[in-house]
Amino acid sequence: MAAPVAEVRSRAQRTVLIEAGPFRMGTEDADRNPGDGESPVRTVEVPAFRIDAACVTGAEFAAFVTETGYVTEAEEFGWSFVFGALLEKELRRASRKPPGTPWWRAVEGARWDAPEGPGTDLAGRGGHPVVHVSLRDAEAFAHWCGMRLPREAEWEKAARGGLDQARYAWGQELTPGGEHRCNIWQGAFPVRNTLEDGHLGTAPVRSFPPNALGLYEVAGNVWEWCSDVWTTGPSESLTGDVRVMRGGSYLCHDSYCNRYRVAARSSTAAEDASGNKGFRLAVEA
């Protein structure tokens, strides 16, 4: 299942070059989330850098673990949050529901290579984004590759694909010509997903067309870690370390979380490692 170690560790050689220069970051869209600090629109100068075309996959993370023996934070904690609809009925009923988000379940034994807990694995899913990885886990993988997590401004500039103030990474319409461009929730969240985009949980990387710079799934699928500390209001963390995440996930829906818009942002505790968070890496140009 693991990808070849040498290939994974040399991923920096296959990254996308983002040229130095300014871009307009943020949005004034009417449905922006004011508490998230999406506005005002401001011009940001970003030095040249390189970024992964796609998120790190389970097979790539397996190569890292096989060579280093690394143990993730979810493994140390002994559990992680899993979207309830992905679980067998008995496990779903037996697992604790967090207050305020009853679609999640705290599943004992859920981890990067057992995404829905004991009895599940990455068979047939090695090409999906790795999930149940915390900030520390992502940074450890990045160090192993000689790379780093992207800064938030880098992430947004790359995700915009050269478009100025477009709503999405590909333009103004969510489904241009009726074509789905990202893996998000369709239907009535969280009770019914019509699966119009073909996916209930994660999709394999490179499932949807890339943006104009060649980046895949910068909207939906999995939230992506950025290195920036979250400073826009409080957010819970066991350690007090809260970071920015970008891109939205397969659970985003206009009625609840419209953060698949390219300017949208959110926060998460550094130790959080739920089933809808992954990462891509960056490196100096």
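**Reading a predicted model, step by step**

In this predicted model, the 31 positive and 39 negative charges of the protein have mean positions that lie 2 Å apart.

Q: What makes the protein as compact as a globular protein of that length?
A: Start with its parts: the protein has 6 helices and 13 strands. The radius of gyration is 18 Å, close to the 19 Å that the globule rule gives for 285 residues, so the protein is as compact as a globular protein of that length.

Q: How much of the protein counts as buried?
A: The share is 55% of the 285 residues. As for the surface, the protein exposes about 12,100 Å², with carbon and sulfur atoms supplying 51% of that area.

Q: Why is Glu60 called buried?
A: Buried means under 20% relative accessible area. Glu60 has 17%, so Glu60 is buried. You can find Glu60 in helix 2.

Q: How do you know that the side chains of Glu60 and Arg11 form a polar contact?
A: The cut-off for a pair of N or O atoms is within 3.5 Å. The contact joining these two side chains is 3.3 Å, so it meets that limit. Leaving out residues up to four places away in sequence, Glu60 also touches Ala3, Val8, Cys55 and Phe141.

Q: Which residues of helix 5 are buried?
A: They are Leu135, Asp137, Ala138, Phe141, Ala142, Trp144 and Cys145. An α-helix has 3.6 residues a turn, so residues three or four places apart point the same way. The buried residues of helix 5 pack against several elements, including helix 2 and strand 9.

Q: What is found at the start of helix 5 and just after it?
A: At the start, a side-chain oxygen of Ser134 comes to within 3.4 Å of the backbone nitrogen of Arg136. Just after the helix, Gly146 has a positive phi of about 70°.

Q: What makes Asn183 count as buried?
A: Its relative accessibility is 0%, and the limit is under 20%, so Asn183 counts as buried. Asn183 sits in the loop between helix 6 and strand 7.

Q: Which polar partners does the side chain of Asn183 have?
A: One of them is the backbone oxygen of Gly201, 2.9 Å from a polar atom of the Asn183 side chain. Another is the side chain of Asn221, joined to that of Asn183 by a polar contact of 2.9 Å. Besides these, Asn183 is in contact with residues that include Asp197, His199 and Tyr250.

Note on methods
Residues numbered from 1 in each chain as written. Predicted model: local features only at pLDDT ≥ 70, side-chain atom pairs only at ≥ 80, totals over all residues. Heavy atoms only, no water. Helix = DSSP H or I, 4+ residues; strand = E, 2+ residues; numbered from the N terminus. Rg over C-alpha atoms; globule rule 2.2 N^0.38 Å. Buried < 20%, exposed > 50% of the residue type's maximum accessible area, 1.4 Å probe, protein only. Areas by Shrake-Rupley, 256 points an atom, 1.4 Å probe, with all protein chains shown as cover. Lys, Arg positive; Asp, Glu negative; His and termini not counted. Charge placed at Lys NZ, Arg CZ, Asp CG, Glu CD. Contact = heavy atoms within 4.5 Å. Polar contact = N/O pair within 3.5 Å; in protein donor to acceptor, adjacent residues only side chain to side chain.
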